[in-house]
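Open the model in your viewer and keep the selection tool at hand. Each stop below tells you what to pick and what you will find.

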Amino acid sequence: MHILYGIATTGNGHISRSRIIINALKKRGHSVDVILSGRKKKDLFDIEELHPYQIKKGFTFSSSEGRISYLKTVLNSSPIEFFKDVKSISNIYDLVITDFDPISAYAAKKNKIPCMGIGHQYSFYKDIPMTNKMKFSSMFFPKIYAPVNFSIPFHFHHFNQSILPPFIDPLLHDRRDKEKKNNQILVYLPWENLNDTIATLKTISKKFIIFTNVEHIQKIENITLKPFSNKHFKYDLMTCRSLITNAGFQLTSEALFLGKPILCKPVKGQPEQEHNAKILHDLGYATVSQEINATTIKDWLNKSKNIKIDFSNPIGVIVDIIENREKDFSNEIKRLWKIEKIY
């Protein structure tokens, strides 16, 4: 098949997951063109293997001090450019796949090409527990923002629905429990103010690693700042003691797979993150806080527990579903959930 694969780059999890699925599709003989939307080229990294790709503006949430600003989001949007980008997509594809990228989804709609959605957001089509805000938002996300004809949804739990377990990077499957662990705490809070985060962590007598927008490694007392890198980030995730992050889906799933204690702060005003935080809390998978401060971190370090979940690798089933969209894969999906939860 000739496939157009759209990736929302507002979260690194979309790119991380899509990179592996695209490589699997190419190995099966499919031709894949890629659209990356939601971030400027200078802010993207480790995308070489996604060639051939195009970078489009798309839409992205604007935030300030860890809170979504809907006014800034609207003011920074470019609807005319968006419609031009949709119109520029040729009707040459057999299938469009979107990992929550709206340009590819609407290009499929315009050209009457079958469109498949892959990602956590598409679990909101299913009958799962949701916050009231998420129930309301699900009428827009993903049904209007990036509409599809078929979907492959992921979640932390199946909720007796046809939902796949989280997609974990095969590198983590291969290297889990093989890397030597250290006592450093990995911090990934891209929505928060970096200076505030540094000021807080300096008051705690632990070693921290922060991946952020710097050009080279920097040391600030007990804190190491590192530039974004998929390879280096995954290594530090495997070797760290624990993780402090926002409530994105992909990273928290990988931390659960590796058995890392998680402290997460949902981005305020972002319904999906607030939903994820509630589910993680209700399942007992993570400590959730509305603020990241010294007291919260110290309390979490004293009380946190390791939870390791042996999520099955769904890549084979994902590719099979893509290639056989009309087939019922419910039995194969059920088998993926025969996993152990290790405390």
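Start on the surface. Select Lys112: its relative accessible area is 74%, so Lys112 is exposed (buried means under 20% relative accessible area, exposed over 50%, partly exposed in between, with a 1.4 Å probe and protein chains only). Lys112 sits in the loop between α4 (102–111) and β7 (115–119). Helices here are DSSP runs of H or I with at least four residues, strands are runs of E with at least two, and both are numbered from the N terminus. Check the backbone too: Lys112 has a positive phi of about 55 degrees, although it is not a glycine.

Before moving on, note that this is a predicted model, in which local features need pLDDT of at least 70, side-chain atom pairs count only at pLDDT 80 or more, and totals for chains, interfaces and linings use all residues. Residues are numbered from 1 along each chain as its sequence is written, and side-chain values use heavy atoms, with hydrogens and water left out.

Select Glu221 next. Its phi is near 55 degrees, a positive value in a residue other than glycine. Glu221 belongs to the loop between β11 (218–220) and β12. Is Glu221 buried or exposed? Its relative accessibility is 63%, so Glu221 counts as exposed.

Now go to His51 and Pro52. The peptide bond from His51 to Pro52 is cis, with omega near -5 degrees. Pro52 lies in the loop between β2 (31–37) and β3 (53–56).

**A buried aspartate**

Pick Asp236 in helix α8 (residues 230–239). Asp236 counts as buried because its relative accessibility is 5%. Which residues does Asp236 touch, leaving aside its neighbours within four places in sequence? The contacts are Leu186, Ile209, Phe211 and Lys226; contact means heavy atoms within 4.5 Å. Glu179 and Asp236 are 57 residues apart in sequence, and their C-alpha atoms are 9.7 Å apart in space.

**Salt bridges**

Side chains of opposite charge can pair when their charged atoms come close. A salt bridge here is a side-chain nitrogen of Lys or Arg within 4 Å of a carboxyl oxygen of Asp or Glu. How many salt bridges does the structure hold? There are 18.

Stay with Asp236 and show Lys226. Their side chains meet in a salt bridge, 2.8 Å from N to O. Lys226 lies in strand β12 (residues 223–227) and Asp236 in helix α8, so the pair ties together parts 10 residues apart in sequence. Lys226 counts as buried, at 17% relative accessibility.

Select Glu274 and Lys133. They form a salt bridge, with the closest N and O atoms 3.1 Å apart. This pair links distant parts of the chain: Glu274 is in helix α10 (residues 271–282), Lys133 is in helix α5 (residues 132–137), and 141 residues separate them. Glu274 counts as partly exposed at 22% relative accessibility. Lys133 is partly exposed as well, with a relative accessible area of 42%.

Move to Lys268 and Glu291. Their side chains meet in a salt bridge of 2.6 Å, N to O. Lys268 lies in the loop between β14 (262–265) and α10, and Glu291 in the loop between β15 (287–288) and α11 (294–303), so the pair ties together parts 23 residues apart in sequence. Glu291 counts as partly exposed, at 40% relative accessibility.

For the last stop, select Arg176, Asp177, Lys308 and Asp310. A network of salt bridges links these residues.
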